[in-house]
Amino acid sequence: MPQVVVPVRYPLSENSRATLAEAIQIADEEDADLTVLHVNLYQNSHRVDRTELKRAVEQSFGHVPRTRYVVRSGMLVEETILDEVAAQDADIVVIGSKQASRWRQMIRRLVDDPDVEQFLREELDCEIVTVEPDAQSSRHSSARSSGS
């Protein structure tokens, strides 16, 4: 069964809602299971649980079938997301453009060329979808390695 993972903020921001809407649509089109992921930062005192996350998503979108709600804790959001994507063996990851920008900043610290798609291609075997909420469009970019 295909697996779509979408990291979101809590409470849901406008960007998170746009990214989530795209992920729900992709999961439906691909007949895939959906994992909605939120990362509680260790350095942040506010903790979100799965029930709160599910309630927020369902208030915005109604019941979303075949959806898991996952809350993880970590020091770095991007690293925790990568760990979850790998653990879920995701086929598609849907991220907002702001998240892609934060990944670029993180990657820039690690390598000279902050090419998110290239980094993810090396780290993961999945398709990356970047959502531009203001333009109401998304950019699909396959990050699957050529060995797949």
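Trainee: Where is the place of Asp91?

Mentor: Asp91 sits in the loop between α3 (77-88) and β4 (92-96). Helices (H or I, at least four residues) and strands (E, at least two) are DSSP runs, numbered from the N terminus. Before we go on, this is a predicted model, where local features need pLDDT of at least 70, side-chain atom pairs count only at pLDDT 80 or more, and totals for chains, interfaces and linings use all residues. Residues are numbered from 1 along each chain as its sequence is written, and side-chain values use heavy atoms, with hydrogens and water left out.

Trainee: Is Asp91 buried or partly exposed?

Mentor: Buried means under 20% relative accessible area, exposed over 50%, and partly exposed in between (1.4 Å probe, protein chains only). Asp91 has 22% relative accessibility, so the residue counts as partly exposed.

Trainee: Which backbone nitrogen lies 2.7 Å from a polar atom of the Asp91 side chain?

Mentor: A polar contact is a pair of N or O atoms within 3.5 Å; within protein, one must be able to donate a hydrogen and the other to accept it, and residues adjacent in sequence count only if both atoms are side-chain atoms. Here the backbone nitrogen belongs to Gln3. Val5 is worth a look too: its C-alpha atom is 8.2 Å from that of Asp91, although the two are 86 residues apart along the chain.

Trainee: Now for charged pairs. How many salt bridges are there?

Mentor: The general idea is that side chains of opposite charge can pair when their charged atoms come close. A salt bridge is a side-chain nitrogen of Lys or Arg within 4 Å of a carboxyl oxygen of Asp or Glu. By this rule there are four salt bridges.

Trainee: Which residue forms a salt bridge with Arg17?

Mentor: That is Glu14, with the closest N and O atoms 4.0 Å apart. Both residues belong to helix α1 (residues 14-30), three residues apart, about one turn of the helix. Glu14 is exposed at 62% relative accessible area, while Arg17 is partly exposed at 31%.
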